[in-house]
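This briefing is meant for a reader meeting the structure for the first time.

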Amino acid sequence: MVQAESQTDSQTLSLADLQQRLAAQTLVRGDFVQTRHMAMFNAPLVSSGHFLLAQDQGLQWQQTVPFPVSLILTQDKLSQQFADSPAQVVDAKDNPMVFYFSHLFLSLFEGNTQQLTEQFTVSLTTPNAKEQADGARWVLTLTPTAAPLNAVFEHIRLSGDQFIDQLILTEKRGDVTEIAFSHQTTIPATLSKEEQRAFQL
């Protein structure tokens with residue numbers, strides 16, 4: 001059985017409170033910087049861009065640096081486009097393993113702690129001094145309990161306040177991916193026509 005440990009500096013933020021806080025943000029836009037530390041490279045691989053999370057639609061991930069990549073993830077489809085090349089669309093039934101990890105990613109962004117506790121041991125704790133200095137008010141550490149996740153990840157760590165501000169994925173093989181989010185906003189509260197079209201895969 002998965003056990004959830006909840007503790008914060010105020011002793012008031014529970015796992016259910018955190019899910020409610022994150023789930024209340026039904027549409028979030030912002031920027032990201034992704035830094036991937038890989039054992040085979042001396043220097044980290046850094047990319048950046050913009051993201052849009054719409055809980056009734058999915059996740060749009062638009063990398064702009066070092067080169068343009070557009071990734072759109074819905075509940076049953078995944079679209080990836082490099083620069084001006086045609087988009088490649090994958091259906092859930094064609095590659096179920098890809099969507100296993102894709103749905104995990106959506107659960108992380110949406111704060112779906114119920115789904116996460118089915119696959120992880122969950123610990124909600126007080127941030128350390130450095131994390132508090134960065135504005136974090138909670139730290140959620142996820143340790144996978146079953147295959148295939150426990151064969152890939154050592155643990156996944158999220159931290160933030162009103163939003164998720166940082167996501168760190170530590171892999172068994174030693175690679176670490178850090179994603180820092182900034183300039184997050186819930187305004188405008190509706191999708192533009194162009195954004196609506198992007199999710200129509």
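Six helices and twelve strands make up the secondary structure of the protein, which is shown here as a predicted model.

**Overall build**

- A compact globule of 201 residues would have a radius of gyration near 17 Å, and because the protein has 17 Å, the value agrees with that expectation.
- Taken along the principal axes, the box filled by the C-alpha atoms of the protein is roughly 50 × 40 × 35 Å.
- Of the 201 residues in the protein, 40% are buried.
- When contacts between residues at least 6 apart in sequence are considered, 48% of them join residues that are at least 24 apart.
- The protein has an accessible surface of about 11000 Å², and carbon and sulfur atoms account for 53% of that surface.

**The largest cavity**

- Rolling a probe the size of a water molecule over the atoms shows where empty space is left.
- In this model, the count comes to two cavities of 30 Å³ or more, and the largest cavity has a volume of about 100 Å³.
- The lining of the largest cavity is formed by Leu 22, Gln 25, Val 28, Phe 51, Leu 53, Phe 109, Phe 163, Ile 164, Phe 181 and Gln 184, and the elements that give two or more residues to this lining are strand S3 (45-54) and strand S12 (176-185).
- By class, eight residues of the lining of the largest cavity are nonpolar and two are polar, while no charged residue is found there.

**The second largest cavity**

- The second largest cavity has a volume of about 30 Å³, and the residues lining this cavity are Leu 22, Leu 108, Gly 111, Leu 116, Trp 138, Leu 140, Leu 158 and Ile 164.
- Seven nonpolar residues and one polar residue make up the lining of the second largest cavity, with no charged residues.

- Thr 35 lies in strand S2, which covers residues 27-37.
- Is Thr 35 buried or exposed? Thr 35 has a relative accessible area of 18%, and because buried means under 20% relative accessible area, Thr 35 is classed as buried.
- Leaving aside residues up to four places away in sequence, Thr 35 touches Pro 44, Leu 45, Val 46, Val 176, Thr 177 and Glu 178.

Terms used. Residues numbered from 1 in each chain as written. Predicted model: local features only at pLDDT ≥ 70, side-chain atom pairs only at ≥ 80, totals over all residues. Heavy atoms only, no water. 1 Å grid on protein atoms, 1.4 Å probe; cavity = no way out; pocket = protein on both sides within 12 Å on 5 of 7 lines; lining within 4 Å. Points joined across faces, edges and corners; volume = space filled by probe spheres on them. Helix = DSSP H or I, 4+ residues; strand = E, 2+ residues; numbered from the N terminus. Nonpolar A, V, L, I, M, F, W, Y, C, P; charged D, E, K, R; others polar. Rg over C-alpha atoms; globule rule 2.2 N^0.38 Å. Buried < 20%, exposed > 50% of the residue type's maximum accessible area, 1.4 Å probe, protein only. Contact = heavy atoms within 4.5 Å. Areas by Shrake-Rupley, 256 points an atom, 1.4 Å probe, with all protein chains shown as cover.
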